[in-house]
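Subject: Structure handover

Hello,

Here is the structure for you to look over. My notes follow below it.

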Amino acid sequence: MTDATSSGGHGHIHRESGPPQPDDKVHSYYQILGIALQELLIEKGIVSADEVRQMIERRDAITPARGAKIVARAWTDGDFKARLLADGNAGAAELDCPMTYTELVAVENTPKAHNVIVCTLCSCYPRELLGLPPSWYKSREYRARVVRDPRAVLKEFGTEIGDHVEIRVHDSTADIRYLVIPRRPAGTEGMTESELEDLVTRDSMIGVAEAKTPGK
Amino acid sequence: MARSFEAGQAVRVRDDYPPGHIRTPVFIRGKRGVITRDFGEHDNPEITTYELEGPQKTLYVVRFRQIDVWPDYAGSKGDTLDIDIFEHWLEPA
């Protein structure tokens, strides 16, 4: 038996001791390659360590609030929604959310269609609008199963879609990034745009959940 | 440049398995769908991944009915799967 951590016999696995775990600085081949490449680029003066740090800091600072701002505007301004659906990058740029590297396509949930996003090949995700993807989004299980049995996967997320609603799975295999515009919850007619933004969660913009209902 | 396909046109994904960096998922090869959107010319990742130069290819969205992709699909008949696919992976169906 090689896994010393699973001994004990009281029903759970200890991680405090035993062989190194993946997070314990055991780098994979590709992590080592990445580190070596970064060191070389810095050594040759092509980028500086501070520029690399700044880029990571900038990317990490992006939160789903950007996407929520776009969705709340689409809910309250029909003309904006039309422009966003026609040209995602132009719509995002109107709200100072530039899509730097990719093309944005917004897909709208309606009473007849529910959209959900995946990248079956890797982990393509609208990072400019939602930040870094959740770990489950990158998992092989989500990627393999949501294209094969989306209703069961959504149900595991607590989202039941009626049979009369078509499920549209979008597999982003190229340089197009998808953003779901969830349905505007009932009872939000009097709410301001900024109040509406709080109802728009990350998961609702991936399509594994609905937007929040006020007061819940 | 003239487009290979138009929105609404039925297409079949090539049932080929060449080596290299391919963005057409294996599970969709050989399946039949309909063009729904045209994104214009894009760099072909099969070439640019290797830092090589080559002609751009038109990128399409192809919509597949889930029951055409998975014969035992458990959801509703109207459920669909949209995939971004380059023109050279598509042929008229």
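Which residue stands opposite A:Val169? B:Leu81, in strand E4 of chain B. Keep in mind that this is a predicted model.

That pair sits where two strands from separate chains meet. Strand E3 of chain A, residues 166-171, is joined to E4(B) by four bridges. The two strands run parallel.

Now the interface as a whole. On the chain B side, 24 residues are in contact with chain A. On the chain A side, 25 residues are in contact with chain B. Together the two chains bury about 2000 Å². Carbon and sulfur atoms account for 47% of that area.

Next, the polar side. There are 15 residue pairs in polar contact across the interface, with both residues at pLDDT 80 or more. Salt bridges between chain B and chain A number two. One of them links A:Arg151 and B:Asp79. Their closest N and O atoms are 2.9 Å apart.

What does chain B bring to this? E4(B) gives the largest share, six residues. By class, the side of chain B that touches chain A has eleven nonpolar residues, seven charged and six polar.

Best wishes

Methods: Residues are numbered from 1 along each chain as its sequence is written. Chains are lettered from A and ligands numbered from 1 in the order in which they are written. This is a predicted model: local features need pLDDT of at least 70, side-chain atom pairs count only at pLDDT 80 or more; totals for chains, interfaces and linings use all residues. Side-chain values use heavy atoms; hydrogens and water are left out. Contact means heavy atoms within 4.5 Å. Buried area is the accessible area (1.4 Å probe) that two parts lose on being put together, summed over both. A salt bridge is a side-chain nitrogen of Lys or Arg within 4 Å of a carboxyl oxygen of Asp or Glu. A polar contact is a pair of N or O atoms within 3.5 Å; within protein, one must be able to donate a hydrogen and the other to accept it, and residues adjacent in sequence count only if both atoms are side-chain atoms. Ala, Val, Leu, Ile, Met, Phe, Trp, Tyr, Cys and Pro count as nonpolar, Asp, Glu, Lys and Arg as charged, and the others, Gly among them, as polar. Two strands pair if DSSP finds at least two bridges between them.
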